[in-house]
Amino acid sequence: MVTAPVQDHVAAARALAAKLPQLIDESRRTAISLRSGLHGNRKVGPGSDFWQFRPYVPGDPTNQIDWRRSARSEHTFIRQTEWQASHNYWIWPVLSPSTYWASSDKLPSKAERTLIISIALADLLIRNGETVGTFDGERTRITSAEHLEKLGHAMLASPQSIAGQATNIHPGRKHSVLILGDFLEFADQSEQSARTVRRLGQYQNDGALVQILDPAEIAPPFQGRVDLFDTDAQMIFRSEKFEDLTEGYKLRAQKWRALVRDAARQNDWLYDRHVTSESASPTLLALYQHLSERQNQSGSNGRGRPNLHRHNTQEMS
């Protein structure tokens, strides 16, 4: 058999963009199925507990200006209460060329599942009063579920690789950074990719790496003659009897996943793994619960230490 390459990444990306309204509907259904059983952390609105001062910007209600604090400075300050201070989440689906591949026509591509989980998570967070953004050129951020399609298009324009972005992406201090993708780049650019992840966590930013894989990347079903191609449709390996190489393939795949897991651990971030043959709901729930636990531990703009590593023990087997 031949593991067919993605012949045209641009065409695949355009096809994914054309399906965006459909993917948003699926994301919303996934989020709705979980929302009824979840308890929100808080809602945006008037609160009684002081949280922080921030500079006044045009459009802010004047009745929130703290005149005493402002009198001690050349600037005007808003007094924010805890319930008013929404947290900032940056969701980065890394839609590299390799994510458009699927081992079977019956399975969604990794890119499609990555986008569905990303948008569903954004939906859950926004409805809980949070601010969600992504790392496109405009650093698009939204606070209303009515703008999910705008966020989805921005996600499609986000960088397609982690490596090399260390100086290009600047999340705010104590924000949360959630990165989803297959992270195949860790197999040959592990240090560059890990360096970017470390930098994204250096300003007390909590976060997660969610690795989204095709089932064939966990347990290859191939037998007989197999040709392997890279993302440029160049054949890189040919095996006349692939079943003799299965164990070596699994060991290399475990090493690759361990590099991603270790990059998350260096930041005290969550590592989770999702396989496209499974439902998206458990992964979405794990992410949301992790974020809720961090909120409960450290408050709306603090940084907690994740205690949820659902697949770490499996990675060692």
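Thr62 is exposed, with a relative accessible area of 53%, and this residue is found in the loop between β1 (50-55) and α3 (67-71). Although 16 residues separate Thr62 from Ile78 in sequence, the two C-alpha atoms are 8.4 Å apart in space. The model described here is a predicted one, and the values below were computed from it.

The protein chain has 317 residues, of which 50% count as buried, and its secondary structure comes to nine helices and 10 strands. Among the contacts in the chain with a separation of 6 or more, 75% are between residues 24 or more positions apart.

Ser98 lies in the loop between β3 and α4, whereas Glu112 lies in helix α4. Ser98 and Ala111 are 13 residues apart in sequence, and their C-alpha atoms are 8.5 Å apart in space. Not counting residues up to four places away in sequence, Glu112 touches Leu16, Lys19 and Leu23.

| Residue | Relative accessible area | Class |
|---|---|---|
| Thr62 | 53% | exposed |
| Ser98 | 11% | buried |
| Glu112 | 15% | buried |

The cut-off for buried is under 20% relative accessible area, and Glu112, at 15%, is therefore counted as buried.

**The sheet and helix α4**

Six strands form an open sheet in the order β5-β4-β3-β6-β7-β10, and their pairing is mixed. Because β5 (141-142) and β10 (270-275) stand at the edges with a single partner strand each, one side of each is left without a neighbour in the sheet. Helix α4 (residues 110-127) packs on this sheet, touching β3 (88-93), β4 (131-133), β5, β6, β7 and β10, and its direction makes about 170° with that of β3. Within the sheet, strands β6 (residues 176-181) and β7 (residues 206-213) run parallel and are joined by six bridges; Ile179 has Leu209 as its bridge partner in β7.

**The nonpolar cores**

The largest nonpolar core has 39 residues, and the members that touch the most others are Ile91, Leu121, Leu125, Val132 and Leu148. Two or more residues of this core come from each of α1 (9-18), α2 (20-35), β3, α4, α5 (148-156), β6, β7 and α8 (281-298), while the largest share, 11 residues, is given by α4. For Leu148, leaving aside residues up to four places away in sequence, the residues touched are Ile24, Arg28, Ile119, Ala122, Asp123, Ile126 and Ile142. There is also a second, separate core of 22 residues, which includes Trp92, Ala194, Leu200 and Leu213.

**How α2 meets α4**

Helices α2 and α4 pack at an angle of about 55°, and their axes are 8 Å apart. On the side of α2 the contact is made by residues including Leu20, Leu23, Ile24, Ser27, Arg28 and Ala31, and on the side of α4 by residues including Glu112, Leu115, Ile116, Ile119, Ala120 and Asp123.

Methods
Residues numbered from 1 in each chain as written. Predicted model: local features only at pLDDT ≥ 70, side-chain atom pairs only at ≥ 80, totals over all residues. Heavy atoms only, no water. Pairing = 2+ DSSP bridges. Helix = DSSP H or I, 4+ residues; strand = E, 2+ residues; numbered from the N terminus. Contact = heavy atoms within 4.5 Å. Axes fitted to C-alpha atoms, helices over the stretch in contact; angles between N-to-C directions. Buried < 20%, exposed > 50% of the residue type's maximum accessible area, 1.4 Å probe, protein only. Core = buried A, V, L, I, M, F, W, Y, C linked by side-chain atoms within 4.5 Å.
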